[in-house]
Amino acid sequence: MARERKPERDKARQIWIDSGGTMNARELAEKVGVKPEQIRKWKSLDNWTVALEESKQPRKRGGQPGNKNAAGAGAPPKNKNAQTHGAYSTVLLTDLPQEQREYIESITLNTETNMLTQLQLLLAKEVDLQAKIESIEHADPAALYVDRVVEMRVPRDDRAHSAADKQEDDKIKMKSVIRASAFERTMKLEAQLNKIHGRIIKLLDSIKAYQMESRRIHLEERKYHLAKQKLSGVYDIDPDSGEIIDQNEDSEDIEALLR
């Protein structure tokens, strides 16, 4: 049967911790009524030094490990109350507007189809920019256009707001509208138009290169297939006429295409 733990053992440990580890073994022994040698033994067995360091650490905010007081409570799934700028937040397709989701879902692994879709979008943007430039050219030259809106936060006026208002929000929002002339607006639109036009040209070059590479691969596959037929003696039959396809004619066609 295990020996019963003496209450003086825990009492001495707590007194030593409360003293900040400054009390010596003789002083503790006198307080709890045991020998100093016993105090030293308890101190080693129970790791008083570790317990003292743990008692000095500040208590963490919120629920402690193993605490289940808030189980089942808290924000619902996908709640973004604690989100700041959102640069690293997870975005799902279901989180996007219907139009954007349908566009992303329509993207395929067909390179030529994706290139064509991108070209159509760039051409639509080019037409839109040209229309905006033309509308400004026919407008009043002295007209001003909204260029951008700058939002600032400035301290509240102590005389105009109560303490409750200041506590709720010590700053107020102010918006400054920056306007530009017709000439400045046209210059910006034309600069953007030039960028779009450059992207269109670059994309057309990519489409041409892709088509040429695809054609080259197709011809290589035909050459390989014809060479395989000659070596094996097995020929392709025209399903419509039932005649053997003339390999010599195909070979000449390939050579002509490769020139």
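## Basis

The model is predicted: local features need pLDDT of at least 70, side-chain atom pairs count only at pLDDT 80 or more, and totals for chains, interfaces and linings use all residues. Residues are numbered from 1 along each chain as its sequence is written, and side-chain values use heavy atoms, with hydrogens and water left out.

## Helix H3

H3 spans residues 36-45. Helices here are DSSP runs of H or I with at least four residues, numbered from the N terminus. Pro36, Ile39 and Trp42 are buried in H3. Buried means under 20% relative accessible area, exposed over 50%, and partly exposed in between, with a 1.4 Å probe and protein chains only. Seen down the axis of H3, the buried residues fall within an arc of 120 degrees, so they line one face of the helix. The arc is that of the directions from the helix axis to the C-beta atoms. An α-helix has 3.6 residues a turn, so residues three or four places apart point the same way.

The buried residues of H3 pack against H1, H2 (25-32) and H4. The face turned away from the buried side carries Glu37, Ser44 and Leu45, which are exposed. Just after H3, Asn47 takes a positive phi of about 55 degrees.

## The aromatic pair

The structure holds one aromatic pair. Trp16 and Trp48 form this pair, with 5.7 Å centre to centre and 40 degrees between the planes, and it is tilted. Rings of Phe, Tyr and Trp (its six-membered ring) pair if their centres lie within 6.5 Å; planes under 30 degrees apart count as stacked, over 60 as edge-to-face and the rest as tilted.

Trp16 lies in H1 and Trp48 in H4 (residues 48-56), so the pair ties together parts that are 32 residues apart in sequence. Both partners are buried: Trp16 has a relative accessible area of 5%, and Trp48 has 0%.

## Arg9

Arg9 belongs to H1 (residues 7-18). Arg9 is buried, at 18% relative accessible area. Leaving out residues up to four places away in sequence, Arg9 touches Trp42, Leu45, Asp46 and Trp48. Contact means heavy atoms within 4.5 Å.

## Phe183

Phe183 lies in H8 (residues 182-232). Phe183 is exposed, with a relative accessible area of 59%. The C-alpha atoms of Phe183 and Leu144 are separated by 9.5 Å, and the two residues are 39 residues apart along the chain.

Note on methods
Helix = DSSP H or I, 4+ residues; strand = E, 2+ residues; numbered from the N terminus.
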